[in-house]
Amino acid sequence: MIYVSIIQFACTSIWAKNLRSFLTMLGIIIGIFSVVMLSSAATGVKAQVAEFINGLGPNTLIVLPVPSIEGQQPAFQQAASFLSTITSDDADLIVQKVHNIESVQKAAFPSGIASYGDKKIIPFMLGASPGITKVFRIELATGRAIIESDATDSNKVVILGDSVRSQFGLSLDDVNKTIKIGKEEFTVIGYFAPTKNQMFGLDLGTIIFMPVTTAQKLNGRDTLDRLFISTLHNEDIEQVSHDVEALLKDRHGENDFYV
């Protein structure tokens, strides 16, 4: 009987303060809904990152400019570019010293507003070694590729993703047009074919691709934001990872990076 009385008392109290009870219930419902939504979003981002990494193939390593903390894996959003100590010399030395490597691609992520005529967008901009297109599996639709001499001379040339081309109202025949990134003028030397590939959840169709040295100048720093290392064979991945970690730790004096 005591339980019936307790339930009756609770129902009476709720009904007597129905507005307060409703607002309390609403707060609880919103709180639970928010937690579920955030958990779902986190799971979705994790799945996108995993999909991107898997898409690179089992023989690709990514070096991030974040400290390696024993027992923990850093979140990608913690990779603050301005803290990066990874340099082109690091990449070159990896090629020279570490065995069973097919290629090392350098990458830097500049930021800014891109414009063409009266159209302005905030794109995903990537400065990288020419071979990065092979790693990301994106192909040219028209125009020419970025080559080593573009990086050597820090040429202001770009290749636009299909979405960027559409937003600017350009056609595939509009090669050698001039766009602006900030106040700097860049020549469009080509366009990528449409792709559904992503990079850490970013649509590669929205990319503006340029030489890595040009991106470094836009950033105002000579460090790199990523290294993409491809091994000759899948079975080489563990040894190469170990050798890269050892080499970079010896050069930097600490684990201020993560493979």
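A residue is called buried here when its relative accessible area is under 20%, exposed when that area is over 50%, and partly exposed in between. The model is predicted.

**Helix H3 and its cover**

By that cut-off, helix H3, spanning residues 88-97, has Asp90, Ala91 and Ile94 among its residues as buried positions. These three cover an arc of only 100° around the axis, which places them on the same side of H3. On the face of H3 turned away from its buried side are the exposed residues Asp89, Gln96 and Lys97. The cover over the buried residues of H3 includes strand E2 (101-108), strand E13 (226-231) and helix H8 (237-252).

Aspartate 90 belongs to H3 and arginine 251 to H8, so the pair ties together parts that are 161 residues apart in sequence. Aspartate 90 has a relative accessibility of 0% and counts as buried, while arginine 251, at 39%, counts as partly exposed.

**Strand E2 and its partners**

Strand E2, part of the cover of H3, is itself largely enclosed by the rest of the structure, because 7 of its 8 residues are buried. E2 pairs with E13 in the antiparallel sense over 6 bridges. In this pairing, alanine 107 has arginine 226 of E13 as its bridge partner. E2 is also joined to strand E5 (residues 124-128) by 2 bridges, and these two strands run antiparallel. There, alanine 108 stands opposite glycine 127 of E5.

Glutamate 102 is partly exposed, with a relative accessible area of 45%; lysine 134 is exposed, at 65%.

**Salt bridges**

The count of salt bridges comes to 8. In general, side chains of opposite charge can pair when their charged atoms come close. Among the salt bridges is one between arginine 165 and aspartate 162, whose closest N and O atoms are 2.9 Å apart. Arginine 165 and aspartate 162 are 3 residues apart in helix H6, and are therefore separated by about one helical turn. Both ends are buried: arginine 165 has a relative accessibility of 14%, and aspartate 162 has a relative accessible area of 18%.

| Aspartate 162 | Arginine 165 | 2.9 Å |

**Strand E1 and leucine 61**

Leucine 61 is a residue of strand E1 (residues 60-63). At 9% relative accessibility, leucine 61 counts as buried. Leaving aside neighbours within four places in sequence, the residues in contact with leucine 61 are Leu227, Phe228, Ile229, Ile237, Val240, Ser241 and Val259. From leucine 61 to serine 230 the C-alpha to C-alpha separation is 6.4 Å, although the two residues are 169 residues apart in sequence.

**Asparagines with positive phi**

Asparagine 100 has a positive phi of about 65° although it is not a glycine. Asparagine 100 sits in the loop between H3 and E2, and at 37% relative accessibility it counts as partly exposed. Asparagine 176, also a residue other than glycine, has a positive phi near 75°. The loop holding asparagine 176 runs between helix H6 (162-167) and strand E8 (178-181). With 58% relative accessibility, asparagine 176 counts as exposed.

**A nonpolar patch**

Leu19, Phe22, Leu23, Leu26 and Ile30 make a nonpolar surface patch of about 490 Å². Leucine 26, one of these residues, lies in helix H2 (residues 18-56). Leucine 26 is partly exposed, with a relative accessible area of 34%.

Notes: Residues numbered from 1 in each chain as written. Predicted model: local features only at pLDDT ≥ 70, side-chain atom pairs only at ≥ 80, totals over all residues. Heavy atoms only, no water. Buried < 20%, exposed > 50% of the residue type's maximum accessible area, 1.4 Å probe, protein only. Helix = DSSP H or I, 4+ residues; strand = E, 2+ residues; numbered from the N terminus. Arc of directions from axis to C-beta. Contact = heavy atoms within 4.5 Å. Patch = residues over 30% accessible without salt bridge, like charges linked within 9 Å, V, L, I, M, F, W, Y side chains within 5 Å. Areas by Shrake-Rupley, 256 points an atom, 1.4 Å probe, with all protein chains shown as cover. Salt bridge = Lys/Arg side-chain N within 4 Å of Asp/Glu carboxyl O. Pairing = 2+ DSSP bridges.
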